[in-house]
Amino acid sequence: MSSIIEPFKIKMVEPIRFTTREERIAILKRAHFNPFLIHAEDVLLDLLTDSGTSAMSAAQWGAMMTADESYAGSRSFFRFEKTVRELTGFKHIIPTHQGRAAEHILFELVGGGGKTIPNNNHFDTTRANIEYSGAEALDLVIDEARVPATLHPFKGNLDIARLEATIARLGPAAIPLGMLTVTNNTSGGQPVSMANIRAVSRTLRAHGIPFFLDACRFAENAWFIKLREPEFASRTPREIAQEMFSYCDGATFSGKKDGLSNIGGFLALNDDRLAEQARNLLILTEGFPTYGGLAARDLEALAVGMNEVLDERYLEYRHACIEYLAAKVRSGGVAIVEPPGGHAIYIDARAFLPHLPIEKYPGQALVCALFEVGGVRGVEIGSAMFGKPHAATAVESFAANDLVRLAIPRRVYTQSHVDYLAERILETYAERDSIRGLKISYQAPLLRHFTAHFEPA
Ligand SMILES: Cc1ncc(COP(=O)(O)O)c(C=O)c1O
């Protein structure tokens with residue numbers, strides 16, 4: 001079998017700054033043991049997120065140079081709108097500066113007290129926007145997804161029986177819409193099968209409940225469907241993505257992932273009345289409906305990126321890169337969420353650091369250890385992110401898992417970077433017994449992980 005190579009040449013480079021372990025220990029202290037507070041210049045391999053960190057193509061930069069920056073009715077908007085409409089089939093395409101702005105507008109309109117929004121797993125900003133509106137964000141992912149080691153080809157699937165039970169319990173009037181996040185970032189970048197998308201759509205629509213996709217990683221999800229659902233083996237990623245959207249009434253989208261762009265997003269939907277309300281809110285918070293908080297050059301980059309991301313060679317390489325990293329760390333004995341997802345590997349921090357109780361934030365401790373050993377920046381997806389102190393008792397609740405996500409930016413790092421990364425993970429694993437836990441010394445009331453301060457427990 002021949003190697004799957006990066007399907008691009010490198011035309012522009014950015015130097016990486018190397019640091020010593022002593023320097024990194026000081027950097028960690030200055031950043032209160034929170035990777036979000038580390039200066040990017042001090043990071044050797046930045047795997048904090050795959051969001052907004054893609055390398056753009058020559059075609060994207062070229063399109064940006066010819067953008068039409070008119071306030072209203074810009075040519076760039078119509079190009080963007082056409083691209084998104086051809087892909088998704090939705091009637092109304094409303095640009096936003098990023099995904100969470102689309103979420104905020106949507107849930108300000110349909111959320112509120114007494115409402116519940118089911119999803120496989122809500123991403124943190126989606127959950128926060130729903131809860132901020134007064135509604136409940138309900139996770140109904142299949143049980144297999146809750147156990148990192150369990151193998152399942154579509155661990156992002158939603159449990160249909162629990163969805164039906166939720167509708168029966170609450171009544172359709174309390175559920176303004178249902179969602180699926182593709183791929184399911186929170187539980188490991190795991191894909192959702194077309195069969196599950198169809199079943200969720202059928203179930204919701206039988207009760208008159210609209211169905212929305214959180215479509216940030218629609219192309220990676222389409223690739224998994226092609227690989228793992230025999231019915232789709234000979235279909236193109238574009239055809240598969242189009243079918244995914246065809247079962248929905250709308251979508252929120254962050255172009256910072258499968259838009260291959262550094263900023264941008266949209267809210268897309270078919271409902272005329274809701275679209276009108278959304279545009280009115282957009283004008284209040286984001287901008288006029290033909291730019292929605294973006295420069296026209298960003299709309300151009302997105303329009304090109306959303307086509308490039310569906311290239312089979314690109315998706316094959318993207319998938320191979322994650323599989324290659326997963327195989328290397330797995331062979332060294334490190335437990336990860338299996339099978340690996342589409343944009344990252346997720347290390348099971350509780351298995352990596354069994355001597356640390358969950359009260360000592362093993363995920364956050366492992367993030368810091370990886371930075372100290374190799375200058376690698378990852379992010380905790382566990383109790384620092386999803387746990388919270390109970391308002392009345394101040395007793396902390398903890399997440400079901402403590403994972404460390406190492407997200408691979410798109411088209412940025414080469415195979416030797418991935419080799420270096422795997423070596424540093426295994427080096428950290430060799431020293432795992434000496435890794436100490438952490439405690440929180442400061443936290444904000446919402447989305448605390450972004451700004452929290454930690455100190456050694
Ligand atoms: C699944 C998912 N939904 C929504 C968002 C929010 O998008 P943005 O960061 O553009 O606001 C993200 C971002 O990481 C995500 O992964």
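Reply: Let's start with Gly-99, where a backbone N or O atom lies 2.9 Å from an oxygen atom of the ligand. That's a polar contact, meaning a pair of N or O atoms within 3.5 Å. Before going on: this is a predicted model, so local features need pLDDT of at least 70 and side-chain atom pairs count only at pLDDT 80 or more, while totals for chains, interfaces and linings use all residues. Residues are numbered from 1 along each chain as its sequence is written, and side-chain values use heavy atoms, with hydrogens and water left out.

Side chains join in too. An N or O atom in the side chain of Gln-98 is 2.9 Å from a ligand oxygen, and for the side chain of Ser-254 the corresponding distance to an oxygen of the ligand is 2.6 Å. As for cover, the protein hides 97% of the 390 Å² of accessible area that the ligand has on its own (Shrake-Rupley method, 1.4 Å probe).

Zooming out to the whole shell, there are 15 residues around the ligand, and Arg-100, Asn-185, Asp-214, Ser-254 and Lys-257 come nearest; being near takes a heavy atom within 4 Å. Helix 4 (residues 99-110) supplies the largest share of that shell, three residues; helices here are DSSP runs of H or I, at least four residues, numbered from the N terminus. Sorted by class, the shell has two nonpolar, seven polar and six charged residues, where Asp, Glu, Lys and Arg count as charged, Ala, Val, Leu, Ile, Met, Phe, Trp, Tyr, Cys and Pro as nonpolar, and the others, Gly among them, as polar.

How values were computed
A polar contact is a pair of N or O atoms within 3.5 Å; within protein, one must be able to donate a hydrogen and the other to accept it, and residues adjacent in sequence count only if both atoms are side-chain atoms. Helices (H or I, at least four residues) and strands (E, at least two) are DSSP runs, numbered from the N terminus.
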